[in-house]
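Reader: I want to learn how to read aromatic contacts in a model. Please take me through them.

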Amino acid sequence: MDDGAGTIFVGGGGEGHATPQRLRLDHANRHGLIAGATGTGKTVTLQILAQGFSDAGVPVFLSDVKGDLSGMARPGSETAKLHEAFVARAETIGLDLIYAAAPVVFWDLWGEAGHPVRTTVSEMGPLLLARLMDLTDVQEGVLNIAFRVADEEGLALLDLKDLQALLVWVSENRGDLSARYGNVATASVGAIQRSLLTLENQGGTLLFGEPALALPDLMLTAPDGRGVVNILAADRLMASPRLYATFLLWLLSELFEQLPEVGDPEKPKLVFFFDEAHLLFDDAPKVLVDKVEQVARLIRSKGVGVYFVTQNPEDIPEDILGQLGNRIQHALRAFTAKDQKALRQAAQNYRENPRLDIEDAIREVGVGEAVTSLLERKGIPGMAERTLIRPPASQLGPITAAERSEVIAASPVMGRYDTAVDRESAFEILAERAKEAAVEAKEPSREYTAGRRYTGTRTGGDQPARSRRRDTMGEAFAKSFARSLGTRTGNTLVRGILGGLFRGR
């Protein structure tokens with residue numbers, strides 16, 4: 001909780017853990033890092049910081065990759081297994097421990113463990129879609145052409161079937177498009193279509209559509225002024241790591257593009273926790289890493305703080321790591337030469353403390369301890385301190401399915417995203433165009449006048465040009481006579497006379 005004016009109490013450092021370690025809210029938008037080996041307490045530290053921001057009135061977005069963070073919706077309990085240990089720790093660091101829940105909204109890509117969360121294909125854009133589908137540079141170029149065509153033709157790309165229909169159109173018109181934009185190979189279009197099929201199998205169909213997520217719904221505050229903690233159920237999503245990482249990067253990009261400049265506010269407008277951050281950078285092309293770096297560098301002026309959570313600081317590219325001012329480093333285990341090198345590099349990222357061997361401290365801290373370095377006045381990095389992290393105020397561990405359902409039912413966005421909408425977009429427009437083209441290309445059927453005696457002569461546009469049977473003698477005579485007269489009048493006259501003779505027989 002916020003235990004000081006404009007700060008979040010993180011824990012106790014120094015001799016006897018008596019020196020409070022506080023994260024300044026006016027520097028919280030300068031981003032941060034929570035790192036450490038599996039089982040060293042990263043998730044609990046994330047929970048503590050998230051609830052601290054919430055208590056300070058700052059909305060939070062985080063992903064729950066193991067299901068444990070759902071416990072933030074319930075207060076801790078005096079009957080809990082770790083209650084006595086938490087009380088003892090609170091006394092050690094000088095904290096008055098009060099159990100309390102945080103205001104929580106649950107989100108879920110599948111719409112089962114939370115409200116559905118969607119975006120549109122157009123909002124995702126070709127760069128992130130190419131990353132999501134693991135396209136080559138050539139295939140990404142064709143995808144860019146498809147998006148350009150959609151803009152020019154007024155085709156809204158909302159869901160995956162819109163993109164599929166557009167790709168079919170691009171393939172059918174690749175000759176004209178190649179002349180305008182460069183080669184559009186059938187093989188490239190086919191590769192993109194196969195990647196779309198894979199994306200559908202991973203759950204991408206649920207991600208794309210409407211109603212799309214409105215960013216203001218991630219920046220709500222509770223009636224008592226606390227910031228809402230938005231928890232994305234990511235345990236199932238983690239089975240598709242590329243989908244997980246691309247979605248979170250899209251969300252960061254949307255925040256960067258839509259939020260206004262605010263400079264350096266007294267506290268952030270939103271804090272974003274990116275758990276399992278290494279997934280964002282694994283095998284990522286340089287253009288994507290550059291985009292992340294740009295967002296991390298500039299989004300702070302929009303009042304957004306980004307906190308990367310990962311096992312090892314070397315999972316984060318150096319240019320991005322240098323922008324993470326607030327650092328909480330849990331234990332790193334150095335079992336191999338590579339691990340020892342990573343440990344030394346992690347220690348070099350901290351401001352030296354003459355009372356502390358940082359490398360030894362990172363190796364030796366126990367569960368619930370960390371080496372911290374939090375920004376001080378004017379953004380100066382604080383000296384590294386071996387810190388005992390405070391206990392959480394909310395429940396440690398997941399809540400039950402019934403408790404989750406209660407929270408969802410009472411959510412401020414209940415009913416806003418639960419029903420998908422499929423309005424007219426590229427799929428419907430292109431299908432209608434294809435239908436109209438088919439009608440225009442079809443030959444008109446021949447119609448014959450019903451109930452009229454067949455005469456063998458051409459009486460209209462819908463009659464045969466001539467009869468297959470031989471002319472009668474009278475008809476032949478009439479024709480010969482008409483030709484001999486050589487005039488239209490004679491022709492008409494003879495036909496009238498002979499016609500009357502035959503009718504009078």
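Reader: Is Trp 107 buried or exposed, and what is its relative accessible area?

Author: Buried means under 20% relative accessible area, exposed over 50%, partly exposed in between (1.4 Å probe, protein chains only). Trp 107 has 2%, so this residue is buried. Tyr 417 also counts as buried, at 2%. This is a predicted model: local features need pLDDT of at least 70, side-chain atom pairs count only at pLDDT 80 or more, and totals for chains, interfaces and linings use all residues. Residues are numbered from 1 along each chain as its sequence is written, and side-chain values use heavy atoms, leaving out hydrogens and water.

Reader: How many aromatic pairs does a search of the whole structure find?

Author: Rings of Phe, Tyr and Trp (its six-membered ring) pair if their centres lie within 6.5 Å; planes under 30 degrees apart count as stacked, over 60 as edge-to-face and the rest as tilted. The search finds 10 pairs. In one of them, the ring centres of Trp 107 and Tyr 417 are 5.6 Å apart with planes at 65°, so this pair is edge-to-face.

Reader: Which residues form one aromatic cluster?

Author: Phe 61, Tyr 244, Phe 272, Phe 274, Phe 281 and Phe 308. Tyr 244 and Phe 274 are both buried.

Reader: Where does the charged end of Lys 302 sit?

Author: A charge sits over a ring if NZ of Lys or CZ of Arg is within 6 Å of the ring centre and within 35 degrees of the ring normal. Lys 302 has its charged end over the ring of Phe 256, 4.7 Å from the centre. For Arg 404, the ring is that of Phe 106, at 4.4 Å.
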